[in-house]
Amino acid sequence: MDSQSKQLSLNNNNELTSMSLSQLREKLHNRSITSVDLLDAYQIRGLELLRTRSNCISEIIYEADVYAILADSSRDSEGGHVSSIHGIPIALEEIFPIHGYDHTMGYTIRTNRGAEDDCILVKALRDCGAIPVILTNVKQKILGLSANNPITGLTSHPTHPGRACVSGMGPLLVHKGSPLAVGFDILGEARLSAAFCGKAALKPTPYRMSNKDLKLPIELPEDLLPVPSPMGHRIEDIVDVLKSLWTSNMFAHDCTLCPMAFNDKEYKSIAEGNRKLKIGFYSNFDGLVKASPSVQRVMSEIRDELSRQGHEVVDFALPTPSKAYQLTISLLASYMEPESLKLLYIHGNGDILVDYRQRLLHLFYALPRFLRHRIAEWRAEGIKKDYPATAVVLRGLGYSQSRKTLINQINDYKQEFFSLWNEVELDVLVCPTAPIPAPWDDSPSYVTNCVLPFTCLYNLLGCPAGTLSVGRVEKCDLQACGDISDNNFKSSQLDIMFSEQHKRSEGLPIGVQVVAKPWNDDQTIYIIVNIHLQSAVQITLNRSKLTSVIKSPKQLCPDDIRKMEKYNVERVYVGAFFYRCLNTWPTSSKGQECSVIELFNEKANFSIIVSPIGADEPVIGVAKSRLTKEMANSGVDSVLIVSKEYFISLMRHPVRHLLVAWSLGLISWKIITCIRTYQNQKLLKSKQIRIADNTEKMRKLLSKLTHSSIPMAICSENLSYLCEQIKKKRVTPVDVLHAFQFRALQLQDNNNSGIAEFILEAEEYAANLTKSPMNIDEQSGLYGIPISIKEGIAIRGYDVTMGIIKRCSQPIDEDCVLIKVLRSVGSIPFVTTVTTQLCRTLDSFHSIYNDAKNPFNKSRLPGGSSSGEAVLLAQHGSPVGIGGDIAGSIRIPCAFCNLAGLKPTSGRLSLLGFVSAAKKSVLYLSPCLGPMARKVDDLACVMRALLCPTMFDLDPYVIPMSFDQVSYEGKNRKQLVIGYYLNFDDPNLIQVLDVNQQVVEKAAKALESAGHRLVKFTVPDPYKAFILGLHALFADGGQELRSHLRGEPLSPHIKLISTVTRIPDILKPIVGFISKHFIGKPVCPSGAFQKLGSGQAAVNLISEIKAYRYEFAKAWNNAGPLDALICPVFPYPAPPEDASQVYISPSIIYTFLYNILDYPAGAVPAGFVTEDDVRNSLMKSESLYSTGDSYMSKVYGLLNGGENLPLSIQVVGKPYHEETVLRVMREIESSFSQQTES
């Protein structure tokens, strides 16, 4: 080729790389160029950038040519019907694995370890026709802004060398090395890189983009996982990426993703509209970081522009931003602490780090936690005046809380944030992406610590956040910064530092963010386009007022800490207890207050007063009167008084007086036990009086009605019939309510209603519905329908006891979100129902309310923990109910009581306001609320009503996916691929009885006859899942459980669980081994009840659960991929009440598995036990006993006397596919109904 041809080719390549994405797409569509031509142009450009040593490229993917050829051929075969990014080259950060290429994250120990397979994101991009062509440089330091690592080197800023650019993505786009890019965002990396380089980026809601197969060198917490984030030259480029990726291609590869497609129709309608918004606005992190003059100027211009366009702009004050930043750093540090040391000093053998500060940070992690905390507090105290953001970071790095406490505090902050937001009733929120333009690469950590809060806040909150360049640094900004430098004595150290960062900064881009509430990623882009800014605006969108806020448990307040410091408080170990005591003692007894030594134990609530030597009665009397108020405020139950002289003697001679100290503790414990018992008796008596009054009021209300005026016949009808009668005005909501109230009272009189309390306000609410609809949609499937509520679901004015007497007389202050939504659609909560003790067993015992017996056989268990719901529904005491499920608590009672129930995917229904008895003990697993009814159609009706805009507005973390009626009715797909299994073929797990296996086989045959494809499915290593689930369920070793149960009357079932948790951790595996040897292998392994001893143990457990979820998803896809799965709910029908817990607890694995996996699952009735089934089971029991399997012999013997007990089948679906689960359940229900009729 001659020089003229080479120059022509070069000009053509430059022309292609300078085109916008829409222009390239048009040329590809018109066949003016091919994907191969376009790829060649960008590969040549990539080689040029490698030669210039800009260091933005890690590797060029040379196999991309193959995919370019495939893209051209598929375009021809599909006739132009391709995705928006089909045939377009795309760059990826090096963190994303591509087959054969390293993904080092900047650590040399990960070099020369090419990925074995493409990650799911790469597969989805290639399915869309996109061509990954370049891997870009990444930063090694998570808490850093420079794209620097020892492998690729330091990436230069594209326009201002020496400035930070966070990653290689921004510079690559500026250098026209790629039309599109996908980076990752943990603390704001993608947004900051885009803002510093003048490009656009969007961090979607977590779990809208797949981050599977990202084998990070350091495990990260769930709230701060790397979120794949598209970047482009314009916001429209990002729209094209999302349109292409949010399709069935990505959802098929990763079934844990929320299957929400990009709403192109709504995007266009809003973008073309003229809707005026109420916009919140802030420029600074009050008390933490103040934005630089250049950013302040740009933000002021944006505010003026928004106001000019007619939007209402109001100031918004972030709730305690320093708290959010410290929680973020603490959570990150709790994971980095053990993992980074392991990475660098065990596997890495001293890996190369980018600077000494990185090494110092890792060495800091090597210190004991208490020493880290002391050092961090000391250093933070010294710099908090000049560098408050760095002081917050230091306190975060020196965290002293447990990981569980951190997560609870984060959840509380999230609720506080959105509550404040909705009180202001904002539509959107506008704020900076960073307080300064791109800082210098060698900036001190003080600068980094000031930049990250602006972006990492929305990673912690899980909000989608977008950014665009809105302006550039101008000469006037440099002059303003110069004025600050000239006034060193008047300016703060932070202002001076920022002015130094502005030197030679003219022309640097300035970015602004836009954040939407979770799952509203589309709306983030809608608003950016609709506002018509030449910028990126950070918007957080929420349209309604959130009033339900869960308060965190009482913490030690700053005033308490100051008092402790004032009196020089320290902890002294005496005997078996920790005490807080005072070092300084009064020298004179006259007029001196006595010192208080408080037991340092949340679970034992008493104080010891140490009176001065020689104190007379008046002094002690003064002390007592003073403590009376303190006891009332702090909840102290009892007080012991000892003399100071005796106590000092005890302190001086700990060996001689050790027995005396122990005796003092024993006496104290005895006194406390007696006082607690007395208090519990008082509480129980008070509660029983209230229940009796509540019931009597209901009885008097109904006694005014004639029996003929109450349509009792409707109690036997299904939900659709009731709705139809109400809509046709044949009955009113009051009539329906009275019928079910009367039925519930009848059951109450029979001492087997399952009811905790009647909700007296239901009458007034039903009357208001009858008189006027109150702007409620009468077409709602729950309009005018009474509904029963499991006790853990908070209702204002009513207790949530969960079988614990000490929780009586503590009425809830506010309805939970689910109750608000039910009332908003016209439903009438009319009773609360009992649960098993602490929701941990399947029995019927209740120490407060009446026991709930199985309606089919009162000598059998009703199941739990939603036992009250099941008993009430099975006896037609309620048309439909709401239960909770964390290990099978909806499905097991439904199976035992011949009901249908659904456990949705977590995040499908709101948990905001739900009262958990295991807030501090359960790790990673989430409870789920779900409907229970007599028919599957009734479940669908409840889900259809609940999945409404009201719920999506009240709880920003609920996925805004309405009920898919088309999927439920099967109109979109006639044939499904359904897997099934009859048993877990593992000797360590309890086996399913023949009768329960037979109903699954019958259901499989019926579904196959209906035209579906049935395949056998093998669950991968279910015993491993069981052990992991138990570890997560008892992460604290049972401490919280024991604290709740202390002083309570216990059922035999909960007593055994409590006893196991009391065994010392070191002995639990030994006890488990002995139990397996003498009782049988399926006995619940006590070793799984061990307390997680460290943060590393918690990290490992979460990693193992994630790995198991991935393994199961792989098996699911390899088997079909499956649309649904049918299997047993429980190994046997309802067991006898006197059955030992050793045969019951191991059985929950059949339901618990799908809580561990977070897959939606339902139970559907499938016939009844016959006499032949019982006879065969007893014969099998004898046969097993003769062969030496006494454990399974007794399990088969549990069916003795079990004629006419209900049988049930479990149906499981992919996450967020509840409609498919309900569809299969309905088909099974129909097939068994036809068999019964025949």
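I began with the rule for a salt bridge: a side-chain nitrogen of Lys or Arg within 4 Å of a carboxyl oxygen of Asp or Glu. This is a predicted model, where local features need pLDDT of at least 70, side-chain atom pairs count only at pLDDT 80 or more, and totals for chains, interfaces and linings use all residues. Residues are numbered from 1 along each chain as its sequence is written, and side-chain values use heavy atoms, with hydrogens and water left out.

**Charge pairs**

I looked up lysine 139 and found its side chain in a salt bridge with glutamate 189, at 3.5 Å from N to O. The two sit 50 residues apart: lysine 139 is in the loop between strand E3 (131–136) and strand E4 (148–149), and glutamate 189 is in helix H7 (residues 189–197). Helices (H or I, at least four residues) and strands (E, at least two) are DSSP runs, numbered from the N terminus.

Next I checked burial, where buried means under 20% relative accessible area, exposed over 50%, and partly exposed in between (1.4 Å probe, protein chains only). Lysine 139 is buried because its relative accessibility is 4%, and glutamate 189 is buried at 5%.

I then turned to arginine 191, which pairs with aspartate 185, their closest N and O atoms being 2.9 Å apart. Arginine 191 is buried at 0%, and aspartate 185 is buried at 0% too.

Aspartate 815 and arginine 823 meet at 2.7 Å, N to O. Here aspartate 815 is buried at 12%, while arginine 823 is partly exposed at 21%. I also noted one network, in which salt bridges with shared partners join Arg297, Glu301, Glu474 and Asp477. My search of the whole structure gave 41 salt bridges.

**Cores**

A nonpolar core is a set of buried Ala, Val, Leu, Ile, Met, Phe, Trp, Tyr and Cys residues joined through side-chain atoms within 4.5 Å. The largest has 330 residues, and Tyr458, Ile1126 and Tyr1154 have the most contacts inside it. Helix H40 (residues 1095–1119) gives this core its largest share, ten residues. Another core, apart from that one, has 20 residues, including Leu49 and Ile131.

**Helix H3**

I traced Leu49 to helix H3, where it is one of the buried residues, along with Leu38 and Tyr42 among others. After H3 comes arginine 53, with a positive phi near 60°.

Last, I found isoleucine 1066 in the loop between helix H38 (1052–1062) and helix H39 (1068–1078). Isoleucine 1066 counts as exposed because its relative accessibility is 70%.
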